[in-house]
Amino acid sequence: MTPQLTKWMSVLQDCFRDCLTSMSEVKKIQPGTVSSDPIKSMCGPIIQVKVGANSCLQIGLHSDPQTQQFLGKLIEEDDPDDFLPDSDSSDAVGEILNIFVGQFVRTVFIKSDEQAVLTTPIFIYGQLDLPAILEFCSQEVQIDDHKVSIFIGILKVKQ
Amino acid sequence: MKILFVDDSKTMLKINASNVKKVIGDFEVFKASNGAEALAAVKEHTPDLIVLDLVLPDMTGLDILEQLNKLGFNKMAGFISSMKTNENYQKAMALGAKFFLDKPATPEAITKAFRDIGVLK
């Protein structure tokens, strides 16, 4: 894993922690294992960040459906025993991703001459095929008893 | 007071309205999830303040503000967005936006912005 990707993952993790702690009462967020193996089966939102003309990142938040429910209820301040419809939990988790990726972009590319443009979050449930991937890093994060993986891929852009 | 929130995320509409309520108490809430709904809601409800997201499915929050200006809208508008870059901030201010807050806009950030624009004493 290159130093740049390691640094970006560290920033992403900080942004994710800031986002969750500012939007919810969550206290315990701990880092877990890091992997450079691309995630094959996905449940969660992704966002693409196009940086200038030649660079594109794919950033996502992967977890099991129960954890998506947990995160959705956490930020919507719903009772943990209530059922949150899947459309609402995927919207909520997509918004978490949107917020911390926005913060990541402002942190990492603020001094860059190249403009970074974010797509809106897309929720993927199933196979994640990234044929144009150049580099990949995922970081597991434990929130209370739930585990999520934050991941970032650098994609090859057609010239 | 009537406030229109414009965001394509139901979660953010709920959180923004809830955080504004914590700051100013009771007010009339209107919600729109895209630009077309926002323009229709302004016409129908004439809100005193519009809180816009930047990225929406059919147009940007900046486009909405530009169209409202052309229609003679003279009430307050501001942004809550995860894309607060210098460029977006400058464009929003040039169109007459009164504030530009990062998502998630905490009650503290909303309080400061609303004091600055006179919504809150």
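The structure is a predicted model, in which local features need pLDDT of at least 70 and side-chain atom pairs count only at pLDDT 80 or more, while totals for chains, interfaces and linings use all residues. Residues are numbered from 1 along each chain as its sequence is written, chains are lettered from A and ligands numbered from 1 in the order in which they are written, and side-chain values use heavy atoms, with hydrogens and water left out.

**The sheet of chain B**

Chain B holds an open sheet of 5 strands, ordered β2-β1-β3-β4-β5 and paired in parallel; strands (E, at least two residues) and helices (H or I, at least four) are DSSP runs numbered from the N terminus, and two strands are said to pair if DSSP finds at least two bridges between them. The edges are taken by β2 (28–32) and β5 (100–102) of chain B, each of which has a single partner strand, so one side of each is left without a neighbour in the sheet. Neighbouring strands of this sheet are turned by 20 degrees against each other on average, direction ignored. Between β1 (residues 2–6) of chain B and β2(B) there are 5 bridges in the parallel sense, and one of the pairs links B:K2 with B:E28 of β2(B). Helix α1 (residues 10–24) of chain B packs on the sheet and touches β1, β2 and β4 (76–81) of chain B, where contact means heavy atoms within 4.5 Å. The direction of α1(B) makes about 150 degrees with that of β1(B); axes are lines fitted to C-alpha atoms, for helices over the stretch in contact, and angles run from 0 to 180 degrees between N-to-C directions.

**Strand β2 of chain A and its partners**

Strand β2 (residues 41–51) of chain A is mostly covered, with 8 of its 11 residues buried (under 20% relative accessible area, with exposed meaning over 50% and partly exposed in between, for a 1.4 Å probe and protein chains only). Its antiparallel pairings are set out below.

| Partner of β2(A) | Bridges | Sense |
|---|---|---|
| β5(A), residues 122–127 | 6 bridges | antiparallel |
| β3(A), residues 55–62 | 6 bridges | antiparallel |
| β4(A), residues 116–118 | 3 bridges | antiparallel |

Within chain A, the axes of helix α2 (residues 65–76) and helix α3 (residues 86–108) come within 8 Å and cross at roughly 75 degrees. The two helices α2(A) and α3(A) are therefore roughly perpendicular (65 to 115 degrees, against under 35 for roughly parallel, over 145 for roughly antiparallel and the rest oblique). Residues in this contact include A:L71 and A:I75 of α2(A) and A:A92, A:V93 and A:I96 of α3(A). By class, the contact of α2(A) with α3(A) has 5 nonpolar, 4 polar and 3 charged residues, where Ala, Val, Leu, Ile, Met, Phe, Trp, Tyr, Cys and Pro count as nonpolar, Asp, Glu, Lys and Arg as charged, and the others, Gly among them, as polar.

Helix α3(A) also meets chain B, for its axis and that of α1(B) come within 7 Å and cross at roughly 75 degrees, which makes these helices roughly perpendicular as well. The contact is made by A:D88, A:D91, A:A92, A:E95 and A:I99 of α3(A) together with B:K10, B:T11 and B:M12 of α1(B), and these residues divide into 3 nonpolar, 1 polar and 4 charged.

**Cysteines**

A search of the whole structure finds 0 disulfides over all chains, a disulfide being a pair of cysteine sulfur atoms within 2.5 Å. The sulfur of A:C56 lies 17 Å from the closest cysteine sulfur, in A:C137, which is too far for a bond, and A:C56 counts as buried at 10% relative accessibility. For A:C137 the closest cysteine sulfur is in A:C15 at 14 Å, again too far for a bond, and A:C137 is buried at 1% relative accessibility.

A cis peptide bond with omega of about -10 degrees joins B:K103 and B:P104, and B:P104 is found in the loop between β5 and α5 (107–116) of chain B. A:D144, although not a glycine, has a positive phi of about 50 degrees; A:D144 sits in the loop between β6 (133–143) and β7 (146–155) of chain A and is partly exposed, with a relative accessible area of 33%. B:T46 is likewise not a glycine and has a positive phi of about 40 degrees; B:T46 lies in the loop between α2 (35–45) and β3 (49–52) of chain B and counts as partly exposed at 45% relative accessibility.
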